Amino acid sequence: MTDNAQAAQETQETYDCDALVIGSGCSGLSAAVTAAHHGLKVLVVEKEPRFGGTTARSGGWLWIPGTSLAKAWGIEENPDQAKTYLRHEAGNSFDAARVDAFLTEGPKAVDFFTTRTAVRFDMPLTFPDYHAEAPGGAQGGRSMVARPFDGRELGPAIKHLGSPLPELTVFGMMLGSGKEIVHFMRATRSLTSAIYVGKRLSRHAGDVIRHGRGMTLTNGNALAGRLAKSAFDLNVPLWLDAPVRELIVENGAVHGAIVMRDGRAIRVNARRGVVLACGGFPHDVARRQKMFPHAPTGKEHYSPGPVGNTGDGLRLAESAGGRVEDTLPNAAAWVPVSVTTRKDGSKGVMPHFIDRAKPGVIAVMRDGRRFANEGNSYHDFVQEMVKAAKPGEEIAAYLVCDHQTLRKYGLGCVPPRPMPLRHHLNTGYLKRGATLAELAAQAGIDAKGLEATVAEFNKTAEEGRDPLFGKGSRAYNRYQGDALHGPNPCVAPLDHGPFYAIKMVIGDLGTYAGIVTDAQARALDAQRQVIPGLYAVGNDMASIMGGNYPGAGITLGPALTFGYIAGKHLAGAAAERSAA
């Protein structure tokens, strides 16, 4: 049998639809729900055994200016303000057409999903942009989070929803952002918080006994669950364990894909087009080696994203003539992470979002010296790590605090009191020393440098000042600090031994270097011409943020929006091929 004959036999089974969506995270489900709502027959395929992608394990925040949620708070902003901010953030990588599409369609997408689907959001009054002091920056009204969701509404499909990142759970329980985290951190100091935590734990325990998992979905798990419920309500089929082998390209246009399902190759004919929503390339070692300067072999990087995000969408686009953006100053959204050993012996990756900003916490390099404002955004912090690293050395920093701070706030995977520390000390994740010199010896930090740094920091910390880096001087710093600690919510001395340290290395929250698209999310070729029938959204689409990280939710905000844009375009696209 010839290769062509064998291929024909393998693909003789067909499935016809209007739109094929490859990937089941926020961007893919957004496109699927929008297209299905407008009357298209949609199929979603997911290579992993669970749906939700990176979204399911994310914080679930979306950054979209000018929404009705903001207006409900009385926040009315001129679209030019957000455009000014994004122009400042993106610099030379600013893409006016796609930014305009995002700012125009983003609020419409939010209204569509909150009025026509199961998706709901909550927006705090004040959650500042990461660079709120920059031109066009805002103190609130742009970041929203998925409202908690009862997983029982998914019915039997709940068992196929991706799990949250274990390192961001308590007893396997997802914590809602904001107030819920505060309650857990204050459970030993506030009767109100203690009662809240007790009820939350009891409810979770009951769910585990009855259902095998918690049913109060929060953050990204809630967003993935709500989007999936919306798709199922529209009778959109979702194939799991169904990787795409190749796109079907005829006369320069994409007409579908060959999908593997139950060991069979199925030819999926997509009359209107194919949407790539495969989650970028955080676990593609070869592309990391090419695009991550800190990872010369591709292995010096630790991503908390799903291991299945191996750049499939980018390779599929390239096979059809698409191009991957390679000029952004940062190829991914960086985050400092620590590598922990779970109780089952497996390794986990813990992102450090809020602990760095807490009073009594500082970060040093191996020489024992501070190098940045610890309260700044994770993306900015990692760039300072890279600048401070000595040539040829592993790029790593250490979070350092004293006993009082550790037990009050926790650090990384280490929980606050009354939870025990022993596991993390035994695995070496948490280093401890009776003195700073002893801690330095345990962690591999220069002892004299660390002692000098802490002595210098402590001189002004009692007064709440940080003359060296200004920790607590920015709105975002203060938001992540401790509002009940004064005079500076981010600064306190380190003077109550024993002392502790956790090593941090470089990770990501998603890749920026995606497929080049136009404002309708259509993939473009090397001549910037549209590839008919091919769309890219989410982390498969080149970021509109220009390699910067302006605020909480700048990945999921555009993911929802451009998924919505792609779905509408698929539904409204004229039958050009038929005419041709």
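Biologist: Which residues does glycine 321 touch, not counting residues up to four places away in sequence?

Modeller: Happy to look, keeping in mind that this is a predicted model. Glycine 321 lies in the loop between α11 (312–319) and β14 (332–341). Its C-alpha atom is separated by 10.0 Å from that of glutamine 529, 208 residues apart along the chain. Leaving out residues up to four places away in sequence, glycine 321 touches Leu524, Asp525, Ala526 and Ile531.

Biologist: Thanks! Is glycine 321 buried, partly exposed or exposed?

Modeller: Buried would need under 20% relative accessible area, and exposed over 50%. Glycine 321 has a relative accessible area of 33%, so the class is partly exposed.

Biologist: How many disulfides does the count come to?

Modeller: A pair of cysteine sulfur atoms must lie within 2.5 Å. For cysteine 278, the nearest cysteine sulfur, that of cysteine 26, is 15 Å away. For cysteine 490, the nearest is that of cysteine 401, also 15 Å away. The count of disulfides comes to zero.

Biologist: Is cysteine 490 buried or exposed?

Modeller: The cut-off for buried is under 20% relative accessible area. Cysteine 490 is at 0% relative accessibility, so this residue counts as buried.

Definitions and conventions. Residues numbered from 1 in each chain as written. Predicted model: local features only at pLDDT ≥ 70, side-chain atom pairs only at ≥ 80, totals over all residues. Heavy atoms only, no water. Helix = DSSP H or I, 4+ residues; strand = E, 2+ residues; numbered from the N terminus. Buried < 20%, exposed > 50% of the residue type's maximum accessible area, 1.4 Å probe, protein only. Contact = heavy atoms within 4.5 Å.
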